[in-house]
Structure formats: structure tokens, C-alpha cells
Amino acid sequence: MAVFKDIASLRQWRQNLRGTLVLIPTMGNLHDGHLALVRLAAARAEHVLVSIYVNPLQFGPREDFATYPRTLDRDLQRLHEAGCQTVFTPDDGLMYPRGRQDICVVMPPHSLSKVLCGASRPGHFAGVCTVLSKLLHIVAPEILILGEKDYQQLRIVQQMVADLNLNVQVLPAPLQREADGLAYSSRNAFLSPAERRIAPLLAETLFDLARRSGGRTAVSDLRMAGWESLEQSGFLPDYLELRDGQTLQPLSVPQTGARWFAAAHLGQTRLIDNVIVP
Ligand code: AMP
């Protein structure tokens, strides 16, 4: 497995590459959800490149950038076992050589980026779009795979690719869950054993709301019931909303492609999840 740490040698490798290349951007601490993306990539293209970079630009000042789990040796081992051939592991000096102030950034549209996670994480999606456009320019893949776990991120990046005419196909990957329904996430590592037992109730609540959407109960009542049940289980909900899967605008009546979205704190850990309305 080739591990690139600088741009020049990666570009040289890219220039000589024949066949389709997929980029899977990650922040490391790889779990089975990430590895499902690698398998999807391997089925779609000859070459798979996983980037591992904890991007400081997408973390707010009071967020978990400093404590975000960094497990590079184990990640490389897992990628090797999963059949990934190429990894890019840039550092801050490579990605932001002039620092992070006063640089060009990519601003996503407000309608998609100021809602849901964007409302409580100002600047987060500009940080995501900026680092992803840099990675796309460095790696020049034909396909970019993003997980539906971060559904808002997926929609924003799809819009960025369309608005900026980027020459890449965005391929969404289905959200992967543990056996008890909890969405795989690097942040699950922060959960205490007691919190880990409660955590699947987030997905359970969303599946319950999705099942009941379109029935006799109004969306506002469903939302209130879901919010209360999360609180009673020990979560501190940030948002719980039914939104359109394309525009991410709120819906008072379920329609095809609608999704329930949630973010909730469990102790110090912020979990997100989403479920499509059948
Ligand atoms: P992250 O390392 O959290 O930035 O995630 C890297 C990529 O993996 C993103 O496209 C995520 O949406 C995707 N991903 C993370 N967790 C999951 C999951 N449970 N199921 C599917 N994709 C995921």
C-alpha cells in the first residue's frame, strides 16, 4: 500500500495512473462504516485512494479538534486488510501552509449550510467544502465517495460540485449501522459504557418517526414525541426535524425522499443520524 505525505509525489503517481480513481476522504479512526465505503469504491473503480486528515478548518473553537481520535497506524493496517492500495495523509503544514486565517475558502449556499448541523456549527461546512475542494484538486479523482451518515455534507458537496463545475462524480454510500442500529461513527469511541447502551435509541427514534410519518399524527406532534423520548432517555437534543432530502428545507407533510434528521448530545458526545421516510 502506497502512503503519500506530500503533494508532488502524489501528483506524479496520479499522472501515470491508468483507469478510474475513487477518492474517499476521511478523518481517520476508521470503523466498519468507512471500510464499507472502501468496498463500494473497489467495486466501482480500478484504484481507491483514502485520505486521512483531521481538518482543523471544520471544527469550531469549542469543538473536539484537539481530542478527535487519531489512530493512524491502526487505520493503515485496516485499510491494507481491506484492499485499499493508496492513502494520502497530509498534515496542517501541507494543507494550510500560510495558516488558516486570510485564505481563500469555499462558501456553500446558505439554504443548505445554515440549517441542521450548520445552525449550531457556524463555519463547519465552509471548512468541509474548502478542504474537499483542495483534496479534489490534489487527487483529481473521477469519483468521490461520501457516506449518507453525513447527509447534509453530502448534499452540500453535491451542490459545490455542480456550482463550481468540478469534474468529479459524487457517489453516495449507504449509512452503515452496528447490529443494535447505532450509526458507526468515530465519535462513538467517546461514549462511556452506559452511554453506549443508550446511544442506539437515537436511531430507534428516527426509524419510529419515519415509520409513523404519513400516518394520522401530524409531523409537529411526531417531532415533539420524538424529542421528549430522546430527553427521557438521557439525550440533550440539538435538532430533530423532517426535511426534504434534496433542498433540506423543513416539511410539515411527509413526501417522497423526505428524511428525519437528528443531532443530540449524550454526555460530552454529539451524535448525528438520519433516516429516509419509506
Ligand atoms: P469522517 O471520517 O467521519 O469524516 O467520515 C468520512 C466519510 O465516511 C464520510 O463521507 C462519512 O459520511 C462516511 N461515514 C462515516 N460514518 C459512516 C457510516 N456509519 N456509514 C456510512 N458512511 C459513513
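Ser133 touches Val106 and Met160 when residues up to four places away in sequence are not counted, contact being defined as heavy atoms within 4.5 Å. Ser133 is found in helix 7, where helices (H or I, at least four residues) and strands (E, at least two) are DSSP runs numbered from the N terminus. With a relative accessible area of 8%, Ser133 is buried; buried means under 20% relative accessible area, exposed over 50%, and partly exposed in between (1.4 Å probe, protein chains only). The model is a predicted one, in which local features need pLDDT of at least 70 and side-chain atom pairs count only at pLDDT 80 or more, while totals for chains, interfaces and linings use all residues. Residues are numbered from 1 along each chain as its sequence is written, and side-chain values use heavy atoms, with hydrogens and water left out.

Met160, one of the residues touched by Ser133, also touches Val106, Cys129, Leu132, Leu136, Asn165 and Leu166, again not counting residues up to four places away in sequence. Met160 is among the residues with the most contacts inside the largest nonpolar core, together with Phe88, Val139, Leu144 and Val157. A nonpolar core is a set of buried Ala, Val, Leu, Ile, Met, Phe, Trp, Tyr and Cys residues joined through side-chain atoms within 4.5 Å, and the largest one has 41 residues. The elements that give two or more residues to this core are strand 2 (21-26), helix 7 (124-139), strand 5 (143-147), helix 8 (151-163) and strand 8 (258-266). Helix 7 provides the largest share, nine residues. At least three residues of this core are drawn from each of domain 1 (2-173) and domain 2 (186-277). Apart from this core lies another, of 22 residues, among them Leu182, Val219, Phe235 and Leu266.

The chain is divided into domain 1 (2-173) and domain 2 (186-277), with bounds that come from an automatic or database domain assignment. The centres of the two domains, taken over C-alpha atoms, are separated by 26 Å. In the contact between them, 22 residues of domain 1 meet 17 residues of domain 2.

Two helix pairs were examined for packing. The axes of helix 7 and helix 8 come within 11 Å and cross at roughly 55 degrees; axes are lines fitted to C-alpha atoms, for helices over the stretch in contact, and angles run from 0 to 180 degrees between N-to-C directions. That angle makes helix 7 oblique to helix 8, since angles under 35 degrees count as roughly parallel, over 145 as roughly antiparallel, 65 to 115 as roughly perpendicular and the rest as oblique. The crossing of helix 7 and helix 8 is right-handed; a crossing is left-handed if the near helix is turned anticlockwise from the far one by less than a right angle, and right-handed if clockwise. On the helix 7 side, Phe125, Val128, Cys129, Leu132, Ser133 and Leu136 meet Gln152, Gln153, Ile156, Val157 and Met160 in helix 8.

Helix 10 (residues 200-212) and helix 11 (residues 219-233) pack at an angle of about 165 degrees, and their axes are 10 Å apart. Helix 10 is therefore roughly antiparallel to helix 11. This crossing, too, is right-handed. The residues of helix 10 that meet helix 11 are Leu201, Leu202, Thr205, Leu209 and Arg212, and their counterparts in helix 11 are Leu222, Gly226, Ser229, Leu230 and Ser233.

Arg14 lies in helix 1 (residues 7-15) and, at 13% relative accessibility, counts as buried. Beyond its neighbours within four places in sequence, Arg14 is in contact with Leu21, Val139, Ala140, Pro141 and Glu142.

Most residues other than glycine have a negative phi. Ala140, although not a glycine, has a positive phi of about 50 degrees. Asn29 likewise has a positive phi, near 50 degrees. Asn29 is found in the loop between strand 2 and helix 2 (32-44) and is buried, with a relative accessible area of 11%.

Leu236 is placed in strand 7 (residues 236-244) and, at 55% relative accessibility, counts as exposed. Leaving aside neighbours within four places in sequence, Leu236 is in contact with Ala264 and His265. The C-alpha atoms of Leu236 and His265 are separated by 4.9 Å, and the two residues are 29 residues apart along the chain.
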